[in-house]
Amino acid sequence: MFCSCNRVSSNHILLKTCYDGDTCTIKMHGNYHSMRIINIDAPEINGDCKLERIKAIQSRDFLNNMIKKAKVYTVILEEEKDYYGRFLGDIRIDGIHVSKYLIWMGKAKKYKKNIDWCAVA
């Protein structure tokens with residue numbers, strides 16, 4: 001399922017806001033849902049250390065700013081959900097592949113288990 005949407009109107013999926021750098025809220029068929037951006041890991045708002053929490057806020061604000069300024073975005077959802085019941089999906093904003101851009105900008109990392117966001121690097 002996907003939606004190529006502009007900021008004025010959307011037929012299927014509305015990208016609302018992001019809680020952190022890899023979890024966003026979408027509105028679909030009149031209901032709000034949580035969506036996990038696939039293939040990346042971003043720092044957690046309730047992370048293990050102060051450094052991770054600071055990075056999480058920076059990542060979240062960066063992504064929400066991209067959404068706020070977007071002229072056009074595309075949300076592509078996978079058919080399955082994750083362990084926590086979140087939709088899994090991908091986002092493109094004004095032609096930019098969001099997960100790759102977040103990695104390039106240092107706001108997220110390519111997904112792998114047990115990333116240590118508290119390490120200074």
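What share of the contacts in the protein chain with a separation of 6 or more comes from residues 24 or more positions apart? Such residues account for 57% of these contacts, where a contact means heavy atoms within 4.5 Å. The structure is a predicted model, in which local features need pLDDT of at least 70 and side-chain atom pairs count only at pLDDT 80 or more, while totals for chains, interfaces and linings use all residues. Residues are numbered from 1 along each chain as its sequence is written, and side-chain values use heavy atoms, with hydrogens and water left out.

The protein chain contains 2 helices and 9 strands, which are DSSP runs numbered from the N terminus (helices: H or I, at least four residues; strands: E, at least two). Along the sequence these elements follow the pattern β-β-β-β-β-α-β-β-β-α-β. Of the 121 residues in the protein chain, 41% count as buried, that is, under 20% relative accessible area, with exposed meaning over 50% and partly exposed in between (1.4 Å probe, protein chains only).

Most residues other than glycine have a negative phi. Asparagine 39, however, has a positive phi of about 70 degrees, and its place is in the loop between strand 4 and strand 5. Aspartate 94 likewise has a positive phi, of about 45 degrees; aspartate 94 lies in the loop between strand 7 (87–93) and strand 8 (96–97) and is partly exposed, with a relative accessible area of 40%.

Aromatic side chains were examined next. Rings of Phe, Tyr and Trp (its six-membered ring) pair if their centres lie within 6.5 Å, and planes under 30 degrees apart count as stacked, over 60 as edge-to-face and the rest as tilted. By this rule there are 3 aromatic pairs. Tyrosine 83 and tyrosine 84 form an edge-to-face pair, with 5.0 Å from centre to centre and 90 degrees between the planes; tyrosine 83 is exposed, at a relative accessible area of 76%, and tyrosine 84 is also exposed, at 65%. Ring pairs also link Phe62, Tyr101 and Trp104 into a cluster.

Charges over rings were considered as well, the criterion being that NZ of Lys or CZ of Arg is within 6 Å of the ring centre and within 35 degrees of the ring normal. Lysine 81 lies over the face of phenylalanine 87, at 4.5 Å from the ring centre, and lysine 109 lies over the face of tryptophan 117, at 4.7 Å from the ring centre.
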